[in-house]
Amino acid sequence: MAKYSSFTTTLLPLAAVLTVLLLVAMPSARGARTFFVFGDSLVDNGNNNYLLTSARADSPPYGIDYPTHRPTGRFSNGLNIPDLISQNLGAEPTLPYLSPELIGNKLLVGANFASAGVGILNDTGLQFASIIRIPQQLRNFQGYQSRVSALIGPDRTQRLVNQALVLITLGGNDYVNNYFLAPVTARRLQYTIPRFTEYIISEYRKILMELFNLGARRILVTGSGPLGCVPSQLAARAANGKCAYEPQQAAALFNPQLVEMIQSLNQELGSDHFIAVNAMHMQNDFIDNPRAFGFVTSKVACCGQGPYNGVGICNPTSNLCANRDAYVFWDPFHPTERANKIIVETIYTGSEKYMYPMNLSTIMALDSMV
């Protein structure tokens with residue numbers, strides 16, 4: 001994009017001056033690129049702070065290791081996966097879409113549309129009441145594009161969206177907060193685990209195609225982590241400290257089917273628009289052998305109560321570990337900042353075992369040549 005080195009403000013109306021400034025600030029494919037985030041609590045940067053929901057992380061000790069040492073709505077002791085990807089992009093963190101600060105030049109950085117508690121299915125997370133389900137996240141993405149178009153015009157907005165990096169993280173809640181929510185659930189009665197997995201993969205495919213139709217062209221799609229090994233499931237279902245069988249079986253089915261679905265989508269579209277992030281393989285590495293990665297434990301959460309600190313939620317009265325870097329899990333469900341750093345490093349440099357068909361470093365190198 002051409003840069004405007006100088007201009008005479010006396011000859012331009014104020015609106016034109018502001019437009020030129022915005023164009024200069026606009027990210028390019030060769031610089032810090034625009035970044036969009038969709039999904040659940042693993043990637044929510046604070047949208048749920050603005051909602052009437054129990055799925056929130058806006059009280060201590062959340063954020064204890066964040067630069068401000070205050071809770072931000074991230075389900076982490078510090079930075080989450082989108083924050084760390086933004087750092088690697090050379091960009092500031094994306095703001096929540098609902099944040100009143102998301103105006104002007106901040107819009108050109110991108111936006112985080114994610115909302116804790118959501119899943120692929122609209123009946124996932126009903127117990128959390130007011131959360132931003134995926135259809136609404138996609139409508140918000142359309143609203144975002146309209147706001148940016150008012151600033152820089154529709155053509156430049158389309159280019160900004162086409163050149164952006166997109167991250168979407170879904171699936172875990174469809175099992176934990178839907179299928180396995182109780183000993184008997186509507187989805188359990190309706191489907192076996194293999195059939196339910198096939199169903200949510202087919203629904204995920206529709207979501208990804210809608211993202212593509214809205215202009216996204218480089219989309220990182222994460223699978224579920226090792227669901228049976230998180231402290232909440234160890235506390236509720238595990239025997240003798242072993243990962244809970246059924247949730248682990250579900251994750252083992254979901255991830256390879258996600259890769260197959262993405263391979264099919266890319267073949268249909270004629271290009272590698274979608275990149276599968278095998279979160280289960282990534283996390284299994286340090287869950288199976290935590291000491292090899294410098295962790296003391298991969299079973300006990302840093303913040304929580306009950307067996308494995310896996311009962312309930314992290315709150316100001318919870319047990320709290322002194323050294324968060326020694327723990328894989330921050331709370332009963334979510335990784336620590338240090339575990340997130342390992343995940344993001346693998347997103348950037350991992351082999352096809354973790355990143356299919358290519359890692360983010362390769363994506364960035366390819367896109368820099370366009």
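## About the model

Residue numbers start from 1 along each chain as its sequence is written, and side-chain values use heavy atoms, with hydrogens and water left out. Because this is a predicted model, local features need pLDDT of at least 70 and side-chain atom pairs count only at pLDDT 80 or more, while totals for chains, interfaces and linings use all residues.

## Helices α3 and α4

Let us begin with helix packing. Two packed helices are described by the angle between their axes and the distance between the axes. Helix α3 covers residues 134–152 and helix α4 residues 154–163; their axes lie 7 Å apart, at an angle of about 130 degrees. (Helices, H or I with at least four residues, and strands, E with at least two, are DSSP runs numbered from the N terminus; axes are lines fitted to C-alpha atoms, for helices over the stretch in contact, and angles run from 0 to 180 degrees between N-to-C directions.) The two helices are therefore oblique to each other. (Angles under 35 degrees count as roughly parallel, over 145 as roughly antiparallel, 65 to 115 as roughly perpendicular and the rest as oblique.)

On the α3 side, the contact (heavy atoms within 4.5 Å) is made by Phe 141, Tyr 144, Gln 145, Val 148, Ser 149 and Ile 152, and on the α4 side by Pro 154, Arg 156, Thr 157, Leu 160 and Val 161. By class, there are seven nonpolar, three polar and one charged residues in this contact. (Ala, Val, Leu, Ile, Met, Phe, Trp, Tyr, Cys and Pro count as nonpolar, Asp, Glu, Lys and Arg as charged, and the others, Gly among them, as polar.)

## Two further helix pairs

Helix α5 (residues 172–179) packs on helix α7 (residues 193–213) at an angle of about 130 degrees, with their axes 11 Å apart. This pair, too, has a right-handed crossing. Asp 174, Tyr 175 and Tyr 179 of α5 meet Ile 193, Phe 196, Thr 197 and Ile 200 of α7. Five of these contact residues are nonpolar, one is polar and one is charged.

Further along, helix α9 (residues 245–269) and helix α10 (residues 279–288) cross at roughly 130 degrees, and their axes come within 9 Å. That makes α9 oblique to α10. Here Gln 248, Ala 251, Ala 252 and Asn 255 of α9 touch Ala 279, Met 280 and Asn 284 of α10. This contact has four nonpolar, three polar and no charged residues.

## Backbone features in the loops

Most residues other than glycine have a negative phi, and most peptide bonds are trans. A cis peptide bond joins Pro 60 to Pro 61, with omega about 5 degrees, and Pro 61 sits in the loop between β1 (35–39) and α2 (81–89). Another cis bond runs from Tyr 356 to Pro 357, with omega near 5 degrees; Pro 357 belongs to the loop between β8 (355–356) and α12 (360–368).

Ala 129 has a positive phi, near 65 degrees, and is found in the loop between β2 (110–112) and α3. Asn 309 also has a positive phi, near 50 degrees, and its loop lies between β6 (303–304) and β7 (319–320).

Notes. Left-handed = near helix turned anticlockwise from the far one by under 90°.
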